[in-house]
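Have the structure open and follow along.

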Amino acid sequence: MIKGSIVGLGVTPMGKIYGRRSVDFAAEAIALALEDAGLQKSDVDGLLINANIPQDMDPRTQMMLGFENLTLINVMNGYGSTAGAMMQYACMAIREGLANTVVLVYADAPLTPSRGAGASYSGPHRFPLGGMAGLKAHYGDFGANLGYAMAAQRHMHLYGTTEDHLGAIAVGQRKWAQMSPWAQMKAPMTMEDHHNSRWIAEPLRLFDCCLVSNGAVAVVVTSAERAQDLKQTPVNVLGYATCSPGDHLRTDRHPAVETGAKRSGEMAFQMAGITRDDIGTCQLYDCYTYTVLVTLEDYGFCEKGEGGPFVADGKLGPGGSLPTNTGGGQLSGYYMWAFTPLSEAVVQARGQGGARQVPKNDYVLVSGNGGILNFHSTMILSRHAS
Amino acid sequence: MTQKPIPIPDEISGPFFDGTRDGRLMLQHCFACDGWSFPVRERCPHCFAAPLQWRAASGKGTLYTFAIMHQVMNPGFAGATPYNVCQIDLAEGVRMISNVVGVPNADLRIGMDLEVMFDDVGDNVRVPKFRAVAGEKP
């Protein structure tokens with residue numbers, strides 16, 4: 001059953017675009033998405049906003065953009081998993097008759113000319129000293145890089161995952177990025193380039209880490225019936241689920257290597273009535289190379305622990321058997337949380353990928369992931385009705 | 001040189017930092033189910049009972065995982081990189097974030113036996129860190 005249909009996509013220029021606020025990027029992305037759908041601003045009756053780290057996207061965005069009489073509005077936050085939950089809320093509200101045309105948007109503008117990407121993304125406001133949080137600051141446990149590095153290290157210890165395995169993911173995605181007009185990183189990358197990139201937090205190198213981007217992505221969601229009359233081939237949402245494994249500070253829990261992708265993937269596949277074999281392309285949350293590897297395992301594309309050998313032959317890259325993150329992802333494309341995989345999934349499902357279009361695009365698997373592998377979302381998209 | 005950030009004990013974390021000052025690793029413990037929690041929880045994460053009591057933990061554990069940080073994200077760490085950040089599985093069942101001291105980064109091994117020590121970091125604050133158990137070959 002179609003849960004809802006994506007009928008518009010807007011992606012702004014991405015990267016080092018200075019002097020603009022998040023809401024300004026949001027406005028541009030929404031305008032592009034409405035134009036793409038053949039809709040007017042006055043058609044919109046729902047606005048769901050993905051919270052960002054600076055928290056400068058709030059419900060007042062409605063007034064700043066001039067939307068009127070919205071019957072659905074909220075700011076949602078499951079960090080990098082949020083897009084999946086936003087899609088659930090939008091589709092359920094549309095089916096309940098609470099709204100008809102819902103805009104989903106993520107916008108951020110952390111980059112400034114005077115600071116590097118890392119410093120831009122985690123400013124001093126992220127280092128509280130009071131109470132137990134002060135311990136983390138004293139230990140030097142800053143930002144997400146360390147958390148994911150520790151997760152990857154655990155996986156390497158348990159299963160023998162190597163730097164070459166992680167590198168294969170980065171190299172493949174860079175090849176895809178070279179074919180995407182929206183991607184920030186176009187320079188060729190070899191395995192040697194990956195291994196020569198500087199350490200960020202061992203075992204993760206610079207080329208294992210996502211970009212930081214100024215920009216915005218918006219999508220327009222409506223009912224399957226209404227979608228038939230609009231400009232684009234509708235991209236139908238056939239399945240969605242979230243699963244948040246929870247606390248990693250207990251010795252009986254291992255979300256670093258066993259993520260919410262497992263349960264949320266099972267639920268989404270069951271809902272869509274398809275299997276992994278039907279998936280032609282994956283658009284997976286890739287804050288780090290390791291996230292892609294562990295997500296593939298938990299979706300069951302290979303056995304637990306075999307993600308490294310599974311990706312080593314380059315099957316995720318152009319010409320491979322499981323084309324993944326075909327816009328370059330967040331490693332080489334642009335960093336818009338789960339709106340990065342969602343946006344590329346819409347392009348691929350429509351068949352608008354140009355040079356990077358995959359031949360088998362009937363069903364597209366999309367993941368979101370937030371925290372240090374604490375939150376997960378899955379979506380299955382298709383131009384088919386089932 | 002700027003020093004590393006020093007935690008500022010607050011009302012909730014007071015028993016923890018009082019403990020470290022006395023050379024004890026105080027963690028929250030649930031009398032209802034004998035579960036322990038970290039860093040600070042409002043209720044027992046195992047059985048959801050409240051309130052939790054502060055109790056001295058053994059300070060013994062093993063290295064669950066670690067990473068070596070090369071970025072300087074705070075001026076207090078300008079001369080400190082590369083340094084380790086570790087997750088230590090304590091015998092009580094909680095996983096602590098900390099640093100391992102006295103072991104070169106290259107010699108850290110997941111699974112190695114560790115024990116707590118208390119580092120005087122100034123401002124009358126001592127911070128728990130971990131060292132290899134004597135006799136442990138890294």
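In this predicted model, strand β5 (residues 83–90) of chain B is joined to strand β6 (residues 95–98) of chain B by four bridges, and the two run antiparallel. To find the pairing on screen, look for Ile88(B), which stands opposite Met96(B) in β6(B). The two strands make a hairpin with four residues between them, and Gly93(B) in the turn has a positive phi of about 100°.

Val116(B) stands opposite Phe130(B) in β8(B). Two residues lie between the strands of this hairpin, and Asp123(B) takes a positive phi near 55°.

Chain B also holds an open sheet of three strands, ordered β2-β1-β3, with antiparallel pairing. Since β2 (36–37) and β3 (53–56) of chain B stand at the edges with a single partner strand each, one side of each is left without a neighbour in the sheet. Strand β1 (residues 26–29) of chain B pairs with β3(B) over four bridges in the antiparallel sense, and Met26(B) stands opposite Ala56(B) in β3(B).

Now turn to chain A, where an open sheet of nine strands has the order β3-β2-β4-β7-β1-β8-β11-β10-β9 and mixed pairing. At its edges stand β3 (72–76) and β9 (281–283) of chain A, each with a single partner strand, so one side of each has no neighbour in the sheet. On average, neighbouring strands of this sheet are turned by 25° against each other, direction ignored. One parallel pair consists of strand β2 (residues 46–50) and strand β4 (residues 101–108) of chain A, joined by four bridges; there, Leu48(A) stands opposite Leu104(A) in β4(A).

Helices join the picture too. Helix α14 (residues 339–350) of chain A packs on the sheet, touching strands that include β1 (4–11) and β7 (215–222) of chain A, and its direction makes about 175° with that of β10(A). Helix α10 (residues 261–272) of chain A lies across β8 (235–243), β10 (364–370) and β11 (375–382) of chain A, at about 145° to β8(A).

Where do the two chains meet? The contact takes 36 residues from chain A and 39 residues from chain B. On the side of chain A that touches chain B, the elements giving two or more residues are α5 (131–139), α6 (143–159) and β5 (199–202) of chain A. The residues of that side divide into 15 nonpolar, 13 polar and eight charged. Strand pairing crosses between the chains as well: two bridges join β5(A) to strand β4 (residues 60–69) of chain B, and these run antiparallel. Ala201(A) stands opposite Met69(B) in β4(B).

Key: Residues numbered from 1 in each chain as written. Chains lettered and ligands numbered in written order. Predicted model: local features only at pLDDT ≥ 70, side-chain atom pairs only at ≥ 80, totals over all residues. Contact = placed C-beta atoms within 7 Å. Nonpolar A, V, L, I, M, F, W, Y, C, P; charged D, E, K, R; others polar. Pairing = 2+ DSSP bridges. Axes fitted to C-alpha atoms, helices over the stretch in contact; angles between N-to-C directions.
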